[in-house]
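Let's walk through a protein model together, one question at a time. Have a look at it first, then read on.

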Amino acid sequence: METILLDDFLDNGIIREKSFREKIDAMDFNLFNKKKVIIKGCAGVPVPTWAYLIIVANLAQVADKIYFGEPRHAVKIFNRDK
């Protein structure tokens with residue numbers, strides 16, 4: 001299972017839309033092709049809803065399954081029908 005850490009998108013300790021979108025645009029989402037992906041949130045930093053939506057919209061184009069949370073208690077949020 002591949003992991004995307006929302007901590008990697010922080011800009012001076014918060015998620016800012018401009019820098020977030022720049023990092024998303026620079027990502028190669030093909031690395032997640034046909035894989036299970038978990039999105040791990042920031043425990044101490046508020047994450048805007050739009051940030052999750054942008055990541056999931058990009059991942060849903062290539063990933064087979066997308067989860068949110070911690071691996072032991074992950075919540076499935078996307079499952080590609082085969």
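Helices (H or I, at least four residues) and strands (E, at least two) are DSSP runs, numbered from the N terminus. This is a predicted model, where local features need pLDDT of at least 70, side-chain atom pairs count only at pLDDT 80 or more, and totals for chains, interfaces and linings use all residues. Residues are numbered from 1 along each chain as its sequence is written, and side-chain values use heavy atoms, with hydrogens and water left out.

Q: In what pattern do the helices and strands of the protein follow each other along the sequence?
A: The protein has two helices and four strands. Reading along the sequence, you get β-α-β-α-β-β.

Q: What radius of gyration does the protein have, and what would a compact globule have?
A: The radius of gyration is taken over C-alpha atoms, and the globule rule is 2.2 Å times the number of residues to the power 0.38. With 82 residues, that rule puts a compact globule near 12 Å. The protein agrees with this, because its own value is 12 Å.

Q: What share of the residues in the protein is buried?
A: Let's set the cut-offs: buried means under 20% relative accessible area, exposed over 50%, and partly exposed in between (1.4 Å probe, protein chains only). Out of the 82 residues, the buried share is 32%.

Q: Among contacts between residues at least 6 apart in sequence, what share joins residues at least 24 apart?
A: A contact here means heavy atoms within 4.5 Å. Take the contacts between residues at least 6 apart, and the share that joins residues at least 24 apart is 64%.

Q: How many salt bridges does the protein have?
A: Side chains of opposite charge can pair when their charged atoms come close. The rule used here asks for a side-chain nitrogen of Lys or Arg within 4 Å of a carboxyl oxygen of Asp or Glu. By this rule, the count is five.

Q: Which residue meets Glu2 in a salt bridge?
A: Glu2 belongs to strand S1 (residues 2-5), and its partner is 33 residues apart from it, in the loop between helix H1 (17-26) and strand S2 (36-40). The N to O distance is 3.6 Å, and the partner is Lys35.

Q: What is the phi of Asn12?
A: Find Asn12 in the loop between S1 and H1. At 70% relative accessibility, it counts as exposed. Asn12 is not a glycine, yet its phi is positive, at about 55°.

Q: What is the phi of Lys34?
A: Lys34 sits in the loop between H1 and S2. With 63% relative accessibility, Lys34 counts as exposed. Lys34 is a residue other than glycine, and its positive phi is near 60°.

Q: How far apart in space are Arg80 and Lys34, C-alpha to C-alpha?
A: Arg80 is in the segment after S4, while Lys34 is in the loop between H1 and S2. In sequence they are 46 residues apart. In space, C-alpha to C-alpha, the distance is 9.1 Å.

Q: Which residues does Val62 contact, leaving aside neighbours within four places in sequence?
A: Val62 is in the loop between H2 and S3, and at 11% relative accessibility it counts as buried. Val62 and Asn33 are 29 residues apart in sequence but 4.7 Å apart in space, C-alpha to C-alpha. With those neighbours left aside, Val62 is in contact with Phe29, Asn30, Phe32, Asn33, Lys34 and Arg80.
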